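Please examine the sequence and the structure, then work through each solution in turn.

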Amino acid sequence: MIKKRGLTDKEAKKKLEQYGFNEIKESLVISPIKILFRQIKKNYIIYLLFIAVILSFIVGKSITAYVILAVICLIIFMGFIQEYRAEKAIKSLKGMLVSVSIVLRDGKEKEILSKEVVPGDIILLRNGEKIPADCIVIEEKELLVNESILTGESKEVEKITAKSEKDYSDKNTLFMGSFIVNGKCLAEVIHTGMNTKFGKIAGMISAAEKELPLQNKVNKISKYMAIVAIVFSVITGLLMIMGKPPSENLFIDALIVVIALTVSAFPEGFPVVLITALSSGVYKMARKNAIVNRMSIIETLGETTVICSDKTGTITKGEMTVSKIFTDNHLIEVTGAGYEGKGDFLLGHNKINPAKDEILSLLIKSSILCNDAKIKRTGEDNFYSINGTPTEASLLVMGAKAGMHIEDLDFKRVEEMPFDSKRKMMSVLCRLEKENYVFSKGAPEVLLKNCKKMQKSSGLFSLTERERKRILELNKELTSDSLRTIGVAYKKVNSFNKDHFEEELVFLGLVGIEDPPREEIKESILVCMKAGIKVKMITGDSRETALAISKRIGLKGKIIDGNDLDKMTEDELAKIVNEIVVFARVKPEHKLKIVKALKIDGEIVTMTGDGVNDAPALKEAHIGIAMGKNGTDVSREVADLTLKDDNFATIVMAIKEGRTIFKNIRKFISYQLSCNYAELMILFFGVLLAPFLGWQVPLLLALQILFMNLITDDLPAITLALTPSSLDIMEEKPRKKKEILNKSLIIWFAIAGISMAIITLAVFFVSFNLLHQTTEFARTTALLSLICLEIANAYNFISFRHKVSFESLRVNKYLFYASIISILLTITVIYTPLNKVFGTVPIGITGWLAGILAAIIIVLIFNLLKRLNDKKNFLKLEHF
């Protein structure tokens, strides 16, 4: 036999020092070097800028070449920092859901962080829990384990008790990373961390890189921009050379223009701004109790058309409360709510003392002995924290209200038959006060079939068919009042024989447990309805209970139960699934069928789950959401999103945030493209107009364009990614088209680009041709005007509906700060010695008036456009 004493805290501390934390160390190579190469590999901008560097050296513009080279390093560095921080953020956010294990220390059960488990620890593992280390089984009750993470086989594996610490095989071994899917056990830890089987496998492989669909779409846009840059550069260069006698200066001038065009056509900060937007969204969600496990779901969140939510713990509070007890032909009301051990037992309007009522006292004792949960005082009055299921914990809290605690009872549990969803019962064999008892609890309709007698204050009576029907009728009344009911029974036995555990029981009564809906749930469902998102409630409770709760929270529609689902194929269910609002008596396998039926119907499905068997449905859904408080490790492992507070309102918030992030990404991308196309058109048409107007080309130098792209484009773009959501963002229907840029957005940023290009060309014309200023002066004035245009244009992109006003400065305060920084840096490159590097000259008040006037004009153009669009709606830009 293996000793079950466990370690002392002192021994555990020594072993922790010896073996280190029980963690799988991720390969450090994933880090900086991989991210660095990824930045270089995926960034088309860098390739174009390298070409610009080479061309700059060829034409003798070494200062330009070195500055562009510095910009390349800056882009790589900024992208690296942002992506590295984002990866660390995701890792740290996942760490907010700390894995814990229950171990025996100093002979007592103690909850510790799983990473602090050491060899020699005795750990207690229950259904649904992830195994934190390699262990050998000491004791087990109907133990089944899922080892698919190691073997790839989804079939459950039975584990049995080891003969000794030295004599054991795989049949007696639990491996780190696998999951308990049935029963429970005591096990001794033999290996931790990288010494486990899981750790050895992890040490031989590197983490697979995951592509973000959103990143791929941005890369696709970047690729098109690179093609545009090359095409325009070649065409412009040829236009300059054609029809003129060849000379060295001509080719140099053409190459300088090509460099400027190459730089102008591309938004260098695309990757940085994208990662910033996603990271910001992830942090916002985390602050509101939604932990994002995969960034790629942010895009899908905004498309959700159906939320399939568990009733218990998500729609309701999950703090089960015993409110009714039927025993000895009396219906007793229990006051108090949640996990507070304070309440009275009322028969009619009279208080009764459970300790003095023999039948009630026996029912309460049966409920707390046939129970795997544990409650512990929080230190705040009579409030308890729970370890176990809320339903079982509510029975313990009921006992606390009656002054009965399991610690005070003189009992010993000898044998048990754990609850499972097929039997719908749990039974324990105990020695209580020198007598042997079987205590059972379970679904009333199942339990009654196993009962032969009924306990009353006047003695034991046969349980007739008439009595059964009366009890089931009362049970129906309680469930129709949204109560979950549990039947309680017992029997005295002479021997400890497990074979006839649940036969010929004595019925004690019913316990009615209420799980009240959350206060905010009704409003959240209304928000979903306005947003075009259908809400479907899924529960294992009876049809009556489900119907009562659905009415209380405002869900209206058809109801179907598990028996009906069993008779349907997925295709048959798909035809009617949209009409059904409530699914009752649902088993885990039904959830998978519901998800598949909704997907057949073309819906984007968000599914919640907390149990082991919910994992397939969570994986199948477009977005799987696990519970952080009451969910199992299995469900959290496969989920895309984890709710720290298990609250339905948090799902609605996450969808809102997903919509906001995607819209902001569309805003900053269309804004940056408008700026880059404006620069491209200025250079291109500058070359075309130069022979007629006597202009020197390029109108804007490559370094000047780089300065604008990095300072006056990227800074406002980053802040556009932080724009708060519009008040009516949850009033639009889910978007169906997944592309970042649609026809309306392309038209919008094209108008912006053309407008800015025309205004800048006009400023250069007035300065050079009408006011007869030098090329450098006219170029600096045009540069300042374009910078002012781009800053003002950013405010046009905050909203595609609401006109720009002084109120806009308050909508996005970060954009205001970015605007100030851009202006200050512009002053620096114009009025300091840096002007020699950037090819600018100091200008007077006239130049600044031109810039301010240009900014006012672009704002007026778009205010007029928004007003016209509001009336005619020729651009479909609602809710932007």
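**Exercise 1.** Determine which helix gives the most to the nonpolar patch.

*Solution.* Helix 7 gives the most, with five residues. This is a predicted model, in which local features need pLDDT of at least 70 and side-chain atom pairs count only at pLDDT 80 or more, while totals for chains, interfaces and linings use all residues. Residues are numbered from 1 along each chain as its sequence is written, and side-chain values use heavy atoms, with hydrogens and water left out.

Step 1: apply the patch rule, which takes residues with over 30% relative accessible area and no salt bridge, joining like charges within 9 Å and nonpolar side chains (Val, Leu, Ile, Met, Phe, Trp, Tyr) within 5 Å. Accessible areas come from the Shrake-Rupley method with a 1.4 Å probe, and for residues only the protein chains shown count as cover.

Step 2: list the members. Tyr 224, Ile 227, Val 231, Ile 235, Leu 239, Phe 685, Leu 688, Leu 689 and Phe 692 make a patch of about 840 Å².

Step 3: assign the helices (DSSP runs of H or I, at least four residues; strands are runs of E, at least two; both are numbered from the N terminus). Helix 7 (213–241) and helix 23 each supply at least two residues. Phe 692 lies in helix 23 and counts as exposed at 72% relative accessibility, where buried means under 20%, exposed over 50%, and partly exposed in between.

**Exercise 2.** Identify the residues with the most contacts inside the largest nonpolar core.

*Solution.* Step 1: a nonpolar core is a set of buried Ala, Val, Leu, Ile, Met, Phe, Trp, Tyr and Cys residues joined through side-chain atoms within 4.5 Å.

Step 1: the largest such core has 117 residues, and Phe 648, Ile 665, Phe 668 and Ile 669 have the most contacts inside it. Helix 23 (residues 648–693) gives the most to this core, with 20 residues.

Step 2: another core, of 40 residues, lies apart from it and includes Ile 332 and Leu 409.

**Exercise 3.** State where the partners of the Lys 141 and Glu 415 pair lie.

*Solution.* Step 1: a salt bridge requires a side-chain nitrogen of Lys or Arg within 4 Å of a carboxyl oxygen of Asp or Glu. By this rule the count is 26.

Step 1: Lys 141 and Glu 415 form one, at 3.0 Å, N to O. Lys 141 is in strand 4 (residues 134–146) and Glu 415 in strand 16 (residues 411–417), 274 residues apart.

Step 2: Lys 141 is partly exposed at 23%, and Glu 415 is partly exposed at 23%.

Note on methods: Buried < 20%, exposed > 50% of the residue type's maximum accessible area, 1.4 Å probe, protein only.
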